[in-house]
There are 2 protein chains.
Amino acid sequence: MSSGKVLVAQGGGPTAVINQSLVGVVLEARRFREVRRVYGARHGVRGIVGEDFVDLTQETSHNLELVAGTPSSALGSTRDKPDRAYCHEIFKVLQAHEIEHFFYIGGNDSSDTVRIVSEEAHKAGYPLRTIHIPKTIDNDLVGSDHTPGYPSAARFVAQAFAGANLDNAALPGVYVGVVMGRHAGFLTAASALGKKFPDDGPHLIYLPERVFELERFLADVKAMHAKHGRCVVAVSEGIHDASGQPILAQLAKDLEHDAHGNVQLSGSGALADLLCEEIRSKLGLKRVRGDTFGYLQRSFIGCTSDVDQREAREVGEKAVQFAMWGDRDGSVAIKRTGFYSVDYELLPLAMVAGKTRTMEDHFIAENGTDITDAFRLYLRPLLGSGMPDAFRLRTHQVPKVLRP
Amino acid sequence: MSSGKVLVAQGGGPTAVINQSLVGVVLEARRFREVRRVYGARHGVRGIVGEDFVDLTQETSHNLELVAGTPSSALGSTRDKPDRAYCHEIFKVLQAHEIEHFFYIGGNDSSDTVRIVSEEAHKAGYPLRTIHIPKTIDNDLVGSDHTPGYPSAARFVAQAFAGANLDNAALPGVYVGVVMGRHAGFLTAASALGKKFPDDGPHLIYLPERVFELERFLADVKAMHAKHGRCVVAVSEGIHDASGQPILAQLAKDLEHDAHGNVQLSGSGALADLLCEEIRSKLGLKRVRGDTFGYLQRSFIGCTSDVDQREAREVGEKAVQFAMWGDRDGSVAIKRTGFYSVDYELLPLAMVAGKTRTMEDHFIAENGTDITDAFRLYLRPLLGSGMPDAFRLRTHQVPKVLRP
């Protein structure tokens with residue numbers, strides 16, 4: 001007889017809409033009469049091996065709806081990246097608790113975990129259905145038009161640059177804003193969606209998809225400052241030299257590495273400060289300011305895309321439907337079907353797991369420091385409704401009297 | 001015969017609602033039949049001495065309304081702090097253009113400029129009415145219940161910490177958020193308004209009104225981390241030691257000074273990075289992250305308080321009414337008359353000019369690292385309607401099977 005037990009967990013960096021996916025899973029699973037229990041694991045895979053489960057069948061649908069609108073992972077998350085032995089532990093716990101459906105909301109590392117757990121269950125002949133539900137502000141999952149979480153983070157970045165541009169226009173100088181994204185520049189590129197007038201910033205955009213040369217960067221800033229009397233720059237934290245070494249690594253002395261062996265890029269203002277110092281000392285410009293958007297860009301409460309909210313909810317819902325009505329494991333993907341509409345499909349886990357998407361060439365301008373209209377068209381509908389707009393005074397110059 | 005000419009300008013750091021005050025002046029002035037021209041000076045006092053005026057009488061009221069809702073100074077701003085000679089230049093230009101009413105929107109430095117220009121006009125026997133219109137995200141003007149611009153920045157800071165707290169709860173560690181405010185801790189204190197549940201962060205708040213001791217800071221963080229398994233800290237950029245030296249100055253090698261002779265505190269992530277490094281090295285804690293809210297907290301588009309919007313508009317309107325119906329120069333102040341309602345009064349310029357308000361003692365908790373309910377009651381109505389709220393899953397723990 002079937003246990004009717006479902007487990008859901010959240011992994012990796014939180015997003016503003018990751019709880020929509022969680023609640024999509026819980027409410028949809030609770031609609032199926034064969035489902036008796038919906039468990040949530042606290043802090044992702046770490047909570048699974050520790051058997052730290054909460055019973056979401058005993059949560060009101062009203063509170064679930066309110067949690068859905070709250071940013072960051074309500075179940076808690078983890079940076080653990082399980083190897084096969086770790087995944088075997090996960091499988092043993094799932095088996096012990098008679099879990100029949102496992103939903104893991106996360107990025108490409110999480111999809112790889114789902115893939116291995118799926119294999120372990122298959123080897124053991126245990127009837128487990130495992131589905132990966134996509135989320136990442138980096139938009140770097142292969143096979144999806146875009147990933148839930150990205151549109152809201154992109155909206156934050158666009159609004160931040162729209163404001164920073166206005167600030168910089170009022171008190172001219174150089175402004176450098178550093179945006180998250182180790183390998184993929186999608187989030188940094190969103191800065192361009194804050195532009196309205198032709199002379200608005202960001203005037204320069206540096207993506208990890210292109211090699212960063214300090215000398216060229218300084219020449220670019222100098223030229224833009226000469227042209228506009230000011231310069232707003234968007235920089236990805238993942239910018240690197242021709243050898244692939246992060247620009248930050250060239251300068252920071254004590255580098256922190258995360259559990260995946262990567263250099264810690266976020267949670268420090270070092271890159272912005274360094275670039276500002278270069279501009280100040282090499283170009284002799286005054287009023288050079290750097291901001292690092294840091295954790296605000298992924299967790300700020302009250303700046304989300306309604307399109308992102310509804311899609312994040314739907315990937316959770318669809319995951320349950322794919323699990324209940326379908327016959328295979330997989331990763332839920334968003335497919336664009338109109339301008340603007342989407343549908344969902346279930347991709348084989350091996351197609352998504354551990355792979356990284358970066359910005360396609362046709363999204364990046366020839367000069368490497370701007371984005372194309374194709375990218376503008378791609379991103380705009382994702383930002384959702386009610387995007388704030390910036391307006392200017394029109395200039396009716398008054399003739400001078402003292403020094404005409 | 002009267003020229004009927006009015007001049008308005010914006011000075012100092014931009015705010016999210018400073019254009020409401022500008023538009024309040026312009027639209028209200030245009031209602032008076034004796035007013036023939038409303039000029040705006042580009043980039044504050046600098047634009048006045050350069051006779052860089054735009055004619056706002058030729059701007060549509062529709063576009064003015066749209067500009068009113070746009071953050072940052074639409075006329076441009078300046079960091080120039082005029083001395084008497086500079087103010088004399090300002091007066092000469094006002095005289096040459098037959099300006100009869102001068103409105104300057106700015107902080108305490110700007111109010112001092114207004115005071116000197118007023119004196120210059122008086123000495124010369126020139127009939128000039130000068131009014132200072134308050135704005136500052138620091139909330140440090142003497143004589144006002146609060147200043148326009150502060151509520152919207154406070155709302156940004158509260159929302160940022162509400163989100164950062166959720167992020168930190170999902171991936172536990174230490175999070176340090178650095179907030180603007182050289183002498184006044186009002187904006188940093190707003191971080192506490194992002195708290196909802198008793199164990200929510202910020203768990204520690206460091207204000208410039210209290211002496212900062214590194215050893216005590218580290219002990220506080222250690223204790224909070226032991227208690228909650230994580231720790232969210234709000235720090236004012238203006239924290240200083242017992243001698244008044246900024247903590248940042250103790251560490252940064254190349255200090256930039258602004259035109260007022262102050263050490264440049266904003267536009268760098270140095271303070272957050274330094275504090276994080278101290279926590280990492282001295283307490284041996286992992287996952288220590290620092291964010292500096294930087295320019296986002298004053299210029300982010302799409303995060304404003306509706307109460308702030310309407311009050312910023314009214315101080316502009318009232319400034320014109322005080323100038324037209326009154327008989328003296330002054331500084332417009334907000335007076336709280338109910339929970340929640342306000343009225344406006346005109347204070348003598350000498351009462352406001354060049355003075356700095358800091359947080360009153362009854363707003364700061366005994367231990368120096370928290371705020372009081374009195375402050376919570378003071379700030380909450382200013383944040384306006386539609387504040388986003390954070391919700392949690394309730395815990396229904398599932399019994400363990402493998403390791404009960």
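Predicted model: local features only at pLDDT ≥ 70, side-chain atom pairs only at ≥ 80, totals over all residues.
Visitor: How many residues does each chain bring to the contact?
Guide: Chain A provides 66 residues and chain B provides 66 residues.

Visitor: Which elements of chain A give two or more residues to that side?
Guide: The elements are β3 (53–55), α3 (61–68), α4 (84–96), α6, α9, β9 and α10 (296–299) of chain A. The one that gives the most is α6(A), with 9 residues.

Visitor: Why can one say that the copies meet through the same surface?
Guide: Because 100% of the interface residues of chain A are also interface residues in chain B.

Visitor: Let us turn to domains. Into which domains is chain A divided?
Guide: Domain 1 covers 5–136 + 303–352, and domain 2 covers 150–302 + 360–383.

Visitor: What separates their centres, and how many residues are in contact?
Guide: Taken over C-alpha atoms, the centres of domain 1 and domain 2 of chain A are separated by 32 Å. In the contact, 18 residues of domain 1 of chain A meet 18 residues of domain 2 of chain A.

Visitor: In what order do the strands of the open sheet in chain A stand?
Guide: The order is β7-β8-β6-β9 (chain A), 4 strands in all, and the pairing is parallel.

Visitor: Which strands are at the edges?
Guide: The edges are β7 (204–206) and β9 (288–292) of chain A. Each has a single partner strand, so one side of each is left without a neighbour in the sheet. On average, neighbouring strands of this sheet are turned by 15° against each other, direction ignored.

Visitor: How many bridges join β7(A) to β8?
Guide: There are 3 bridges between β7(A) and strand β8 (residues 231–236) of chain A, and the two run parallel. Within this pair, A:L204 is opposite A:V233 in β8(A).

Visitor: What does helix α6 of chain A touch on the sheet?
Guide: Helix α6 (residues 150–170) of chain A touches β6 (174–179) and β8 of chain A, and its direction makes about 170° with that of β6(A). Helix α9 (residues 270–283) of chain A lies across β6, β8 and β9 of chain A, at about 165° to β9(A).

Visitor: Now the nonpolar core. Which members touch the most others?
Guide: In the largest nonpolar core, which has 254 residues, they are A:V157 and B:V157. As general background, nonpolar side chains tend to be buried together in soluble globular proteins.

Visitor: Which residues does B:V157 touch?
Guide: Not counting residues up to four places away in sequence, B:V157 touches B:V179, B:L187, B:A190, B:S191, B:F293 and B:Q297.

Visitor: Where is B:S191 found?
Guide: B:S191 is in the loop between α7 (186–189) and β7 (204–206) of chain B.

Visitor: Is B:S191 buried or exposed?
Guide: B:S191 counts as buried, because it has 30 C-beta neighbours inside 10 Å. Leaving aside neighbours within four places in sequence, its contacts include B:A158, B:F161, B:G177, B:P202 and B:I205. By contrast, B:P127 is 64 residues from B:S191 in sequence and 46 Å from it in space, C-alpha to C-alpha.

Visitor: Staying in chain B, which strands form a hairpin?
Guide: β10(B) and β11(B) do, with 2 residues between them. The number of bridges joining β10(B) to strand β11 (residues 341–347) of chain B is 7, and they run antiparallel. B:R336 stands opposite B:V342 in β11(B).

Visitor: How does β5 of chain B pair with β10?
Guide: Strand β5 (residues 129–134) and strand β10 (residues 330–338) of chain B pair in the parallel sense over 2 bridges. There, B:I131 has B:G330 in β10(B) as its bridge partner.

Visitor: Last, B:E28. Where is it, and which residues does it touch?
Guide: B:E28 is in helix α1 (residues 18–31) of chain B. Apart from residues up to four places away in sequence, B:E28 touches B:G316, B:E317, B:V320 and B:Q321. B:E28 counts as buried, with 22 C-beta neighbours inside 10 Å.

Technical notes:
Residues numbered from 1 in each chain as written. Chains lettered and ligands numbered in written order. Core = buried A, V, L, I, M, F, W, Y, C linked by C-beta atoms within 7 Å. Buried ≥ 20, exposed ≤ 12 C-beta atoms within 10 Å, placed from the backbone. Contact = placed C-beta atoms within 7 Å. Pairing = 2+ DSSP bridges. Axes fitted to C-alpha atoms, helices over the stretch in contact; angles between N-to-C directions. Domains from an automatic or database assignment.
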